[in-house]
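Student: I am new to this structure. Please take me through a close look at one part, and then show me how other parts compare.

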Amino acid sequence: MEIISSYNLKELRGKFESLGLEAYRANQVLNWVYKRFKTDFRLMTDLSKSHRDMLAKNFKVHTLRLLGRSEASDSVKYLFQTEDGHIVETVLIFERDHLTLCLSSQVGCAVGCRFCATAKDGLVRNLHTYEIVDQYLQVQKELSQKIRNVVFMGMGEPLANYENVRKAIEIMVSSWGIDLSKRRVSLSTSGLIAQLRRMAEDELLREINLAVSINAPSQYLREFLMPLSKTNSLHELLNVLVEFPYPEDRRIMLEYVLIEGVNDSPIHAKELSNLIKPYRRKFKVNLIPYNPDPSLPFQRPPMERVYAFQEVLRKANISTFIRLSKGVEVFGACGQLRSKRLQHMLK
Ligand code: SAH
Ligand code: SF4
């Protein structure tokens with residue numbers, strides 16, 4: 001079986017031609033899948049019966065199996081299973097006037113941040129393009145309102161799965177695909193420098209929103225929290241970001257998870273402020289109060305400390321926001337996905 005969302009339009013047209021179908025049939029099929037979210041070939045009424053049968057025999061769209069959902073007031077967490085038995089989590093977040101979908105890009109993660117639950121089992125495998133797109137399609141199918149915002153902030157390091165994430169984004173932002181605005185797709189990375197350089201050269205990826213998990217104001221502390229900094233230094237990271245070819249009115253989001261007693265003091269805030277002040281027009285800062293995990297020794301600071309941290313940055317005229325991660329009610333949020341524990345809840 002071939003999977004429709006492994007291909008972009010050009011590739012699918014070629015594929016169809018090689019099977020004796022007219023190339024434009026690919027446009028028709030993608031229209032059903034990505035515009036109407038109908039994925040059963042038998043219902044694609046602008047194709048002949050024999051074409052429909054032929055497609056149904058050779059192609060499919062979905063590969064993820066929905067195992068369950070847990071709902072909270074502000075979010076729904078979906079638990080999917082891949083064909084080879086891995087768990088993938090996706091979170092739908094209800095914002096004031098729109099929906100945001102938080103996607104996973106890998107099963108597990110190799111980066112090994114000390115505070116992150118996804119890091120615990122290391123990397124299991126990259127998700128395929130079609131598995132990334134299927135997270136969107138399966139959730140969208142249940143809804144009447146279109147999901148217009150997508151964030152790569154679920155399980156995994158998206159830039160460590162560059163090709164598959166890139167093609168999934170191509171499908172999401174192309175007019176023949178899901179047709180989301182590039183400005184509504186965000187990618188969060190732990191700061192892989194080589195891949196950020198590649199992204200800066202990449203006409204597609206450099207137009208989406210870039211978020212970078214900075215999490216510490218000094219090389220020393222960042223190395224402790226994010227061991228990848230030993231080879232991807234904070235200094236080099238800042239250089240790449242300052243050089244990133246964004247238009248003047250766009251800003252890179254720096255994400256800073258606030259962990260009590262570790263990186264949340266006013267001195268840390270001052271250090272961060274000194275670090276980014278020279279480039280403050282390039283950046284905005286998102287402070288994320290930590291979501292504790294019972295198996296990790298870190299805590300969320302009291303809100304006064306979060307506000308005090310924000311105040312230091314604001315005094316330096318650095319745009320700084322506090323993001324209370326959504327979905328806290330369903331065991332932590334986007335960016336803190338823990339499949340193991342949810343798995344047994346569903347049995
Ligand atoms: N791997 C990418 C994207 C997924 S993590 C990255 O690290 O950026 C998305 C965000 O969630 C990151 O900013 C990460 O620092 C944050 N995060 C991880 N664990 C968290 C936790 N327990 N509480 C709050 N934020 C967390
Ligand atoms: Fe991976 Fe991001 Fe978790 Fe770090 S914070 S381990 S990069 S998912």
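Student: Look closely at Phe37 for me: is Phe37 buried or exposed?

Tutor: Phe37 is buried, because its relative accessible area is 13% and buried means under 20%. Keep in mind that this is a predicted model. Phe37 sits in the loop between α2 (24–35) and α3 (49–58). Its backbone deserves a look too. Phe37 is not a glycine, yet its phi is positive, at about 60°.

Phi of Asn215 is positive, near 65°, and Asn215 is a residue other than glycine. The loop between β11 (209–213) and α7 holds Asn215. With a relative accessible area of 2%, Asn215 is buried.

Now step into helix α7. This helix covers residues 219–225, and Arg222 is in it. Arg222 is buried but has no salt bridge. Which side chain of opposite charge is nearest to Arg222? It is Glu157, 8.5 Å away. Arg222 does have a polar partner: its side chain joins that of Ser229 in a polar contact of 3.2 Å. Leaving aside neighbours within four places in sequence, Arg222 is in contact with several residues, among them Ser190, Ser213, Ile214, Ala216 and Asn232. Pro227, Leu234 and Leu237 are also among these contacts.

Turn to Glu157 itself. Glu157 lies in the loop between β9 (149–152) and α5. Glu157 is buried and has no salt bridge, with Arg222 as the nearest side chain of opposite charge. Two polar links involve the Glu157 side chain. One is a polar contact of 2.8 Å with the side chain of Thr189. In the other, the backbone nitrogen of Ser190 lies 2.8 Å from a polar atom of the Glu157 side chain. Beyond four places in sequence, the contacts of Glu157 include Ser105, Gln106, Cys109, Val111, Ser188 and Leu192.

Glu157 leads on to a ligand. Which residues surround ligand 2? They are Cys109, Val111, Gly112, Cys113, Cys116, Ala119, Gly156, Glu157 and Ser190. By class, this shell has five nonpolar, three polar and one charged residues. Cys109 and Val111 are in the shell, and both are also in contact with Glu157. Ser190 is in the shell as well, and Ser190 is in contact with Arg222.

Next, the charged pairs. Side chains of opposite charge can pair when their charged atoms come close. The structure holds 17 salt bridges. Take Glu2 and Lys15. Their closest N and O atoms are 3.0 Å apart. This pair links distant parts of the chain, with Glu2 in strand β1 (residues 2–3) and Lys15 in helix α1 (residues 9–18), 13 residues apart. Glu2 is partly exposed at 27% relative accessible area. Lys15 is partly exposed at 23%.

Helix α1 takes part in another pair. Glu11 and Lys167 meet in a salt bridge of 2.7 Å, N to O. Glu11 lies in helix α1 and Lys167 in helix α5 (residues 162–173), so the pair ties together parts that are 156 residues apart in sequence. Glu11 is partly exposed, at 32% relative accessibility.

Arg42 and Asp40 form a salt bridge too, at 3.1 Å, N to O. Here Arg42 counts as exposed at 55% relative accessibility. Asp40 counts as partly exposed at 29%. Asp84, Arg125 and Glu131 are linked in a network of salt bridges.

Gln299 is in the loop between β13 (283–289) and α10. Gln299 is partly exposed, at 42% relative accessible area. Gln299 and Glu260 are 39 residues apart along the chain, while their C-alpha atoms are separated by 5.4 Å. Leaving aside neighbours within four places, Gln299 is in contact with Leu258, Ile259, Glu260, Tyr290 and Pro292. Ala308 lies in helix α10 itself, which covers residues 303–315. Ala308 is partly exposed, at 36% relative accessibility.

Terms used
Residues are numbered from 1 along each chain as its sequence is written. Chains are lettered from A and ligands numbered from 1 in the order in which they are written. This is a predicted model: local features need pLDDT of at least 70, side-chain atom pairs count only at pLDDT 80 or more; totals for chains, interfaces and linings use all residues. Side-chain values use heavy atoms; hydrogens and water are left out. A residue is near a molecule or strand if one of its heavy atoms lies within 4 Å of it. Ala, Val, Leu, Ile, Met, Phe, Trp, Tyr, Cys and Pro count as nonpolar, Asp, Glu, Lys and Arg as charged, and the others, Gly among them, as polar. Helices (H or I, at least four residues) and strands (E, at least two) are DSSP runs, numbered from the N terminus. Buried means under 20% relative accessible area, exposed over 50%, partly exposed in between (1.4 Å probe, protein chains only). Lys and Arg count as positive and Asp and Glu as negative; His and the chain ends are not counted. A salt bridge is a side-chain nitrogen of Lys or Arg within 4 Å of a carboxyl oxygen of Asp or Glu. A polar contact is a pair of N or O atoms within 3.5 Å; within protein, one must be able to donate a hydrogen and the other to accept it, and residues adjacent in sequence count only if both atoms are side-chain atoms. Contact means heavy atoms within 4.5 Å.
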